[in-house]
Amino acid sequence: MVRRREGKPQSGGRQRLSARDWADAALTAIGEGGLAAVAVEPLAARLGTTKGSFYWHFTNREALIEAALRRWEEVCTEDMIEALAPEPDPLRRLRRLFAEATAAAARDPLELSLLATSAHPQVAAVLRRVTERRIGYLADLFAELGFPPDEARRRGVLGYTAYLGHTQLGHAVPGALPPTAEQAAYLDSVVDTLLRRD
């Protein structure tokens, strides 16, 4: 879940909100109610400000949606990849990625809300970019683990499919997944299956 940063106090005790604050609030709204939940007045009320603050940063609702989607791409893809970079072992990076990505998706329905609105042109564009980036990152990990490029790409697609299926099932029918105490072992078995060489 994207966390909203606190703005700077304005005169009169109000917080001065940034474009990022608005984007984060829009992402929270999308997670709760889809794109239809991105409306200026309710977001202003949630942020404790006026519509004037919105128009200071954005020309219209579409500009806010675009900023929110870029923020999602940054926080939920690029920041996660960057956080894994210091780990030199590609197998540890792969296991950490599955553990951390599935835990984040379990806490926040935003990803599923975006997938449910994939026909929207703004969402479709960012989903294409994010999907390609994530599959590419997975393929690079499999290549580091010794798989030839075509096979690494195939396993990257399969790994991403496993992640999306796990996320969908976790929100739709959570009881179908192993209990929390068994999640780590289960995810390790998913990675082991993806690494199997016949």
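## Second largest pocket

The second largest pocket holds about 240 Å³ of space. A pocket is an open set of points on a 1 Å grid over the protein atoms alone, where a 1.4 Å probe fits, with protein on both sides within 12 Å along at least five of seven lines. Its volume is the space filled by probe spheres set on the points, which are joined across faces, edges and corners.

The lining comprises 15 residues, and T102, A106, H166, L177 and Q183 lie nearest the centre; lining residues have an atom within 4 Å of a point. Two or more of them come from each of α5 (90-107), α8 (149-172) and α9 (183-195). Helices are DSSP runs (H or I, at least four residues) numbered from the N terminus. By class, the lining has eight nonpolar, seven polar and no charged residues.

## Basis of the model

This is a predicted model, in which local features need pLDDT of at least 70 and side-chain atom pairs pLDDT 80 or more, while totals for chains, interfaces and linings use all residues. Residues are numbered from 1 along each chain, and side-chain values use heavy atoms, without hydrogens and water.

## Helix α4 against α5

The axes of α4 (residues 61-84) and α5 come within 10 Å and cross at roughly 140°, so the two helices are oblique to each other. M80, A83 and L84 of α4 meet R93, R96, L97, E100 and A101 of α5, contact meaning heavy atoms within 4.5 Å. Five of these contact residues are nonpolar, none polar and three charged.

## Helix α1 against α4

The axes of α1 (residues 19-33) and α4 come within 8 Å and cross at roughly 85°; they are therefore roughly perpendicular (65 to 115 degrees). This contact has eight nonpolar, no polar and four charged residues.

How values were computed: Nonpolar A, V, L, I, M, F, W, Y, C, P; charged D, E, K, R; others polar. Axes fitted to C-alpha atoms, helices over the stretch in contact; angles between N-to-C directions. Parallel < 35°, antiparallel > 145°, perpendicular 65-115°, else oblique.
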